[in-house]
Amino acid sequence: MRADTACRTALSYGDASGRDTRSGDETVGDNEEAGDAIRHNEHADGTLRNTRPADSPAQNTRHADGTVRNNEHTDSTLRNTRPANSPAQNTRHADGTVRNNEHTDSTLRNTRPANSPAQNTRHADSPAQNTRHADGTVRNNEHTDSTLRNTRPADSPAQNTRHADGTVRNNEHADGTVQNTRQRVDASPDLSAWALITAPVHPSLREAHPDTALWGELRVDPGLAGLDVGRARPIRVEIGCRDVEGLWRVPVEDITPSALAWHPRLPLVAGLAMRGRHAHPWIADYRAHTVVVHDRVRAATSLTGLGGAGQPPLVWCGSGLVVLTPATPPPAPADAGGEPSRAAVTCEANGPGWLAFPQGVRELSALAAVRVTELHPDGDAPRVLTGPLLVRGLDPAPGDGHLLVTHLDEEVSHSQQLRWAASVVEAGPSGRDACARPVPPGSRWAIGAPAVLAWPDDTDDDTDSGRRILMCHAADHAAGDTSSVPVSVPLPVPAHSPAREWWPLWHDGAPWVLGMQDSGPYLSSPRHTVPLPAPAGLRLGHPSPAEDPAAGFLLDCRDGEDRYGIAALNPGGPGRPGGPGRPELTITRAADRDIPAAVRAVRAFGGRSGQGLAVESATQHYAGQRAAALPHQSRRTTALTLLDDGETTARGPLLLWLRAQEPGTGGEATPCPGAGPVAHLDLLPRWPADATVGFLHSQITGAVREALDTLAEHRPGLLGRGVVVGGHSFGASLALHAMAHVPRLAGAIVHSGCYNRTLTPGGFQYERRSYWQAPEVYHAFSALLFAHRLDRPVLIVHGTQDTNPATTPEQAVGLYRGIVAAGGHARLVLLPGEGHNFQYAESHQTLAHEHRRWLDRCARTPERV
């Protein structure tokens with residue numbers, strides 16, 4: 001799906017006659033008086049004479065190089081002229097704007113002839129301006145309405161400009177595509193409406209709260225009273241409807257990157273927007289094209305960011321919008337504010353085991369505790385539904401006013417172990433005395449019922465413990481009605497074929513459970529469990545009710561060739577085609593071959609608009625990837641991919657980026673596209689419980705050597721300027737281990753690594769033995785201990801807020817000092833505000849510059865290779 005109303009730059013065309021312009025589009029002709037303004041006289045001999053009134057102290061001066069400098073008068077205007085042999089010149093107007101002039105003739109105009117490739121224009125709705133610089137580049141300018149004012153002609157192959165600092169600015173093209181941004185789709189449940197969300201690939205440091213706090217490995221934004229989601233704010237959000245042509249752009253600035261909340265029946269959608277450092281809810285009617293921002297209601301996100309990108313921090317429930325609002329911090333302990341404790345701190349423990357000192361929940365509550373609050377679109381005062389909670393998810397019951405709230409169990413949680421509890425609250429007019437009533441952990445709503453709860457039973461001590469699902473109405477459970485016995489649905493015995501996933505269903509007044517086993521899908525009722533008649537290799541997704549309740553449920557499905565489709569499930573019942581106990585599973589739509597390869601999520605829906613698949617896919621890709629097989633390596637453990645051969649970028653050293661992962665699982669791309677040839681080497685080492693250093697060493701160095709040989713054979717000359725090895729996290733450990741033993745490598749670039757494994761003696765990555773059981777393995781992957789072998793340049797990059805206990809910033813500093821102490825050459829780059837994975841646009845710009853600089857430093861002449 002693509003926006004069909006992309007922003008375009010308005011072009012202004014004029015005739016060949018030149019005019020000097022002033023603000024307000026008032027023109028001053030040749031030899032024409034304009035109050036006290038300078039009179040311009042262009043003479044027959046091509047020279048330019050300036051005159052000025054006696055009361056004007058300023059004067060235009062014609063210089064030896066043929067240029068005419070600007071003259072600023074007492075009325076703040078600039079009177080600009082230009083001889084025929086002078087390059088184009090900018091004119092400053094009374095409103096402070098600067099307009100571009102780039103014509104080949106001797107006229108000064110703020111328009112563009114049809115034969116001019118330049119495309120800069122100035123729009124009346126924004127004072128911002130595009131400028132053409134002396135080096136011929138054009139820098140994009142984002143205006144106050146968030147649009148980009150740069151386009152490219154249809155015959156131009158590209159318009160992104162790479163600047164001297166190595167950065168590439170965003171550019172909106174005439175065909176509606178946007179460079180350096182990504183798009184995602186957020187669809188309403190019945191697919192009758194959707195939002196096309198365009199956002200930069202990386203967020204900016206300017207969006208980060210300066211007082212962001214760390215709790216364990218979580219980054220908490222005090223302005224949001226919740227987690228920093230690490231995604232860029234959208235440039236624009238455009239909403240489309242299936243029966244309406246075109247897209248409507250939501251006129252709200254600084255929308256947060258959280259998921260949107262779609263009303264189940266009305267044409268309403270809601271989200272959050274930033275005002276300063278605080279978030280506020282907004283509600284848009286996408287058919288009437290109206291929007292209301294509730295500036296008096298401060299919203300929060302709490303821990304909803306842990307639920308994945310699809311977990312919105314606000315939902316529609318009953319007749320209102322449920323939002324999270326910051327709670328008052330819990331009261332301080334009684335001794336707070338007095339004299340600091342001078343008592344000794346004592347610890348005692350018995351081993352074996354690795355000790356940790358986690359943070360308590362009180363600190364997190366002070367930052368991210370919220371109250372669940374109901375907000376009515378008609379303007380009624382917000383109504384608080386719960387006390388302070390650390391909320392992870394909000395799940396409204398289908399067609400009912402009950403809300404299932406998943407929140408932190410503060411009694412048993414700490415920063416290294418989060419345990420979750422669940423509560424049900426009733427919203428709407430019937431919930432005037434609302435309060436959160438606990439329900440069993442892991443509860444979820446049965447699909448196809450108004451408000452039936454389902455949860456796994458883990459109270460029995462039998463071998464089948466946890467192998468049945470209990471269901472009852474939410475009102476009965478919340479009221480503590482012991483006379484209402486939950487319905488029990490058994491699941492397959494774990495020893496036979498454990499269930500990987502399960503979904504509670506309610507069909508024809510009876511409970512069912514749909515599950516997936518290794519052997520295929522199954523359907524359970526209170527009486528028995530039967531396998532579903534599914535084609536071999538078919539995988540089923542999340543079920544949704546069909547438009548006709550008697551028809552059962554719709555599911556997205558995927559066959560053995562990874563093609564997507566829609567399946568219909570009829571559990572069967574009295575008078576149904578399948579009959580009692582004879583479920584039917586049919587493919588109602590052929591597998592869709594048009595779905596993008598990089599799929600994030602797929603969901604099948606049925607509604608007023610019919611059946612369909614909602615697909616969210618990644619838009620980033622590399623053009624011209626070439627995969628190569630390594631003859632002596634297993635395809636399951638090793639894969640080599642050439643991402644950029646340097647033909648269209650730069651012919652510098654090859655960057656061989658090692659990724660400690662199974663081939664074909666995606667993963668982080670190297671953060672320096674365009675610097676030269678780049679290849680990924682995915683390496684999943686075979687690491688048995690009794691692995692020796694020699695066994696591991698031969699895998700790593702053997703894969704690297706064979707990758708270099710393969711690249712040299714298939715692309716002669718590709719390695720002519722050398723090879724720099726690199727990696728992130730454990731990939732950094734693999735890269736340094738390889739460089740220490742492969743002389744053909746000219747240098748290394750490592751990110752967020754652990755360089756002294758003796759500081760993690762309880763195990764690391766694939767190693768489960770302690771340091772004292774296998775010290776030689778720990779030493780082999782501790783770059784600090786073989787720093788004397790790192791005799792080629794090493795670039796070390798680390799985030800200052802890396803909270804991974806194995807990869808603290810001190811690890812990078814220690815390696816930097818060790819390499820220098822051993823006589824080597826190293827450069828240390830610490831990225832402010834970054835964690836284990838780098839997310840900010842400014843950091844990626846720094847990385848691009850540092851990578852290019854380091855690759856140039858490591859470049860070898862062909863004679864030396």
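1. Phe764 is buried, at 3% relative accessibility; buried means under 20% relative accessible area, exposed over 50%, and partly exposed in between, with a 1.4 Å probe and protein chains only. Phe730 is buried as well, with a relative accessible area of 2%. This is a predicted model, in which local features need pLDDT of at least 70 and side-chain atom pairs count only at pLDDT 80 or more, while totals for chains, interfaces and linings use all residues. Residues are numbered from 1 along each chain as its sequence is written, and side-chain values use heavy atoms, with hydrogens and water left out.

2. How many aromatic pairs are there? The count is 12. Rings of Phe, Tyr and Trp (its six-membered ring) pair if their centres lie within 6.5 Å; planes under 30 degrees apart count as stacked, over 60 as edge-to-face and the rest as tilted. The pair of Phe730 and Phe764 is tilted, because the ring centres are 6.3 Å apart and the planes stand at 45°. This pair links distant parts of the chain, 34 residues apart: Phe730 is in helix 4 (residues 730–741), and Phe764 is in the loop between strand 47 (745–751) and helix 5 (775–780). Helices (H or I, at least four residues) and strands (E, at least two) are DSSP runs, numbered from the N terminus.

3. Tyr771 and Tyr778 form an edge-to-face pair, with 5.5 Å from centre to centre and 85° between the planes. Tyr778 has a relative accessible area of 0% and is buried. Ring pairs join Tyr771 and Tyr778 into a cluster with Trp687, Phe730, Phe764, Tyr766, Trp772 and Phe781.

4. Trp455 belongs to strand 29 (residues 452–456) and is buried at 7% relative accessibility. Trp455 and Ile469 are 14 residues apart in sequence, and their C-alpha atoms are 5.6 Å apart in space. Leaving aside neighbours within four places in sequence, the contacts of Trp455 include Pro440, Arg468, Ile469, His477 and Trp502; contact means heavy atoms within 4.5 Å.

5. Arg444 lies over the face of Trp502, at 3.9 Å from the ring centre. The rule for a charge over a ring is that NZ of Lys or CZ of Arg is within 6 Å of the ring centre and within 35 degrees of the ring normal.

6. Which residues of helix 1 (residues 361–368) are buried? They are Val361, Leu364, Ser365 and Ala368. These residues are on the same side of helix 1, because they cover an arc of only 105° around the axis; the arc is that of the directions from the helix axis to the C-beta atoms. The buried residues of helix 1 pack against several strands, among them strand 11 (213–215), strand 22 (370–375) and strand 25 (402–408).

7. Strands 24-25-26-27, in that order, form an open sheet with antiparallel pairing; two strands pair if DSSP finds at least two bridges between them. Strand 24 (391–396) and strand 27 (437–439) each have a single partner strand, so one side of each is left without a neighbour in the sheet. Strand 26 (residues 420–426) pairs with strand 27 over 3 bridges, in the antiparallel sense. Ala422 stands opposite Val439 in strand 27.

8. Another open sheet has 4 strands in the order 20-21-22-23, with antiparallel pairing. Strand 20 (314–317) and strand 23 (383–384) are the edge strands, and each pairs on one side only. Strand 22 and strand 23 run antiparallel and are joined by 2 bridges. Glu374 stands opposite Arg383 in strand 23.
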